[in-house]
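Hi,

Here is the structure I promised to pass on.

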Amino acid sequence: MTSFSKEKNKFVVTTPIYYVNDLPHIGSAYTTIAADVVARFHRLRGDAVLMVTGTDEHGQKIQRTAEALGRSPQAHCDEIAAGFALLWEKLNIQRDRFIRTTSPRHEAIVREFFQRVWDAGDIYLGQQQGWYCVSCEEFKEERDLLPGKHCPLHPNKAVEWRDEKNYFFRLSKYQTALEALYQSQPNFIQPESRRNEVLSFVSQGLQDFSISRVNLEWGIPLPVDPDHTIYVWFDALLNYVTASVEPDQEPTLDNAVWWPVSLHLIGKDILRFHAVYWPAMLMSAGLPLPGRVFGHGFLTKDGQKMSKSLGNIIDPFDLVQRYNSDAIRYYFLKEIEFGRDGDFNETRFVNILNADLANDLGNLLNRVLKLAHKNCGGKVPGIEGDRPPLDESFEATGKHLGEVVAQAYENLAFDQACNAVLSVVRAGNKYVDEQAPWTLFKQGNQDGAERVIYTVLETARLAAYLLSPIVPDLSTRIYRQLGFNIDFNQLQPSLTTPFSVHSSWGALQAGQPLASPQPVFQRLELPEP
Ligand code: MSP
């Protein structure tokens, strides 16, 4: 039984599941916002969408964190997982699944998957010697370490020497199959720079990796040897399959009706796990592969890496409390090219939001709404009849905007989507200034003035619709002012806003009553120094 109808396109997007060693930071919020935006875009288009996130709760790192805090690992996980769920609410994330790796349903999936890989003959017992970074939960090559045997990603943490019996996964067996995958599906890993990183890594020759740990209780026992627990990554990656089973169905691989995932969104530091280990594990278990893996960049604060020791961590709870979720969502997606590293600077944050959303978009709507109330009976003016278009080129830009922006969302080029919309909004403001409809009304040119008003209202509507995956609250306010009874947070897309109609020029109907003008986006203020 599937919950999506056969006629609809299925679209599944995932975030990494976050370690619960600490409350979420702005990096976790970044990926989750992006995934939510992609999911909302697909819902807008009428696709059957599943948006998946969750928490990664097993392994040494979590066990040690809980011990240091004097808590049981499960109590610790429960508390932090609740913190993630709360932040997602505050950031207006519409998640369909929240997978916790300590849930019995997930454990059942991991065990079944392990058994399949075992039955395929791809797991064997061997000796693992090497340097282990607990913060990465990963063995490191000695040549990659910093002086003093410190991990390059966690320079304040020394790696630990391990020499123990582990079970290994035969990754080396999948070298040729993986290379064939990257060749036949050039978009499997994006962006291009990350794909190249993976190709170069794989071309050096793949080595089997250990997938069990001894002396670690906080994990899922190996079905074939209970003295071992399953390595946290071999457990965590399976969350994507667990999520693919409907919650009221038995957790089995056969019931994973939403599998395979269309898009895994991840940060660049966990690319290897998703683009190399994961497809090989799936091949071994005989499951289909995900559609694509996109590795985004890292966020810095005022140009510096964020870290607790530098004391420059941005607390997403604090940010969303002081500003609003639309503002945070817009800043990260508009300001940073998805795939590259990007910076958070609070002054810039406030300036961009005020310029784009309060001034350009908010004022555009506000100034013509006032005119429409004064001169057009508070209704959307008509455009029928033989009124000549005042500016065909302006309208023509509006006509193509929907296609350009949809393509940008498809490509995860969120900054391009925002810029394309904003440039039409700016053109709208210029157009009002040039056409001066207030003068046209005074001169008795009612038709001409109404034509301008319609054009501008329609521009604001189209902008609101196309930005709605990013700023759903703002878009809802704009749509309400334009007389629609539509909430972008509660969409029934195919019924209320068919994409082909609302993403095109001209969806605003003449005669529709307009609500009274109110500022749609309050200007943001920087805190007092
Ligand atoms: N638990 C693993 C993922 C398992 S997925 C099967 C993990 N968790 S994490 O909490 O450490 O990181 C989660 C994500 O946050 C990663 O994609 C990582 O790239 C991202 N970020 C961590 N710090 C970041 C920034 N400063 N900026 C942007 N993203 C960052 O890895």
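First, the ground rules. This is a predicted model, so local features need pLDDT of at least 70 and side-chain atom pairs count only at pLDDT 80 or more, while totals for chains, interfaces and linings use all residues. Residues are numbered from 1 along each chain as its sequence is written, and side-chain values use heavy atoms, with hydrogens and water left out.

**The ligand**

There are 21 residues around the ligand, where being near a molecule or strand requires a heavy atom within 4 Å of it. Ile-17, Asp-56, Gly-267, Asp-269 and Leu-299 come nearest. By class, the shell holds 12 nonpolar, seven polar and two charged residues. Here Ala, Val, Leu, Ile, Met, Phe, Trp, Tyr, Cys and Pro count as nonpolar, Asp, Glu, Lys and Arg as charged, and the others, Gly among them, as polar.

Which atoms of the protein lie 3.1 Å, 2.4 Å and 2.9 Å from ligand atoms? A backbone N or O atom of Tyr-19 is 3.1 Å from a ligand oxygen, and a polar side-chain atom of Asp-269 is 2.4 Å from an oxygen atom of the ligand. At Leu-299 a polar backbone atom lies 2.9 Å from a ligand nitrogen. The ligand taken alone exposes 670 Å², of which the protein buries 90% (Shrake-Rupley areas with a 1.4 Å probe; for residues, only the protein chains shown count as cover). The elements giving two or more residues to the shell are β2 (18-19), α7 (232-236), α8 (239-242) and β15 (263-267). Helices (H or I, at least four residues) and strands (E, at least two) are DSSP runs numbered from the N terminus.

**Arg-97**

The side chain of Arg-97 makes a polar contact of 3.5 Å with that of Glu-246. Such a contact is a pair of N or O atoms within 3.5 Å; within protein, one must be able to donate a hydrogen and the other to accept it, and residues adjacent in sequence count only if both atoms are side-chain atoms. Leaving aside residues up to four places away in sequence, Arg-97 touches several others, including Leu-50, Met-51, Val-245 and Trp-258 (contact means heavy atoms within 4.5 Å).

**A hairpin**

Strands β7 (residues 150-151) and β8 (residues 154-158) pair in the antiparallel sense over two bridges; pairing requires DSSP to find at least two bridges. A hairpin of two residues joins β7 to β8, and Cys-151 stands opposite His-154 in β8.

**Backbone details worth a look**

The Gln-190 to Pro-191 peptide bond is cis, with omega near -10°, and Pro-191 sits in the loop between β10 (189-190) and α6 (192-203). The bond from Trp-259 to Pro-260 is also cis, with omega near 5°; Pro-260 is in the loop between α8 and β15.

Asn-92, not a glycine, has a positive phi of about 60°. Asn-92 lies in the loop between α3 (73-90) and β4 and counts as buried because its relative accessibility is 15%. Asp-302 has a positive phi of about 50° and lies in the loop between β17 (299-301) and β18 (304-305). At 44% relative accessibility, Asp-302 counts as partly exposed.

Best wishes

Conventions
Buried means under 20% relative accessible area, exposed over 50%, partly exposed in between (1.4 Å probe, protein chains only).
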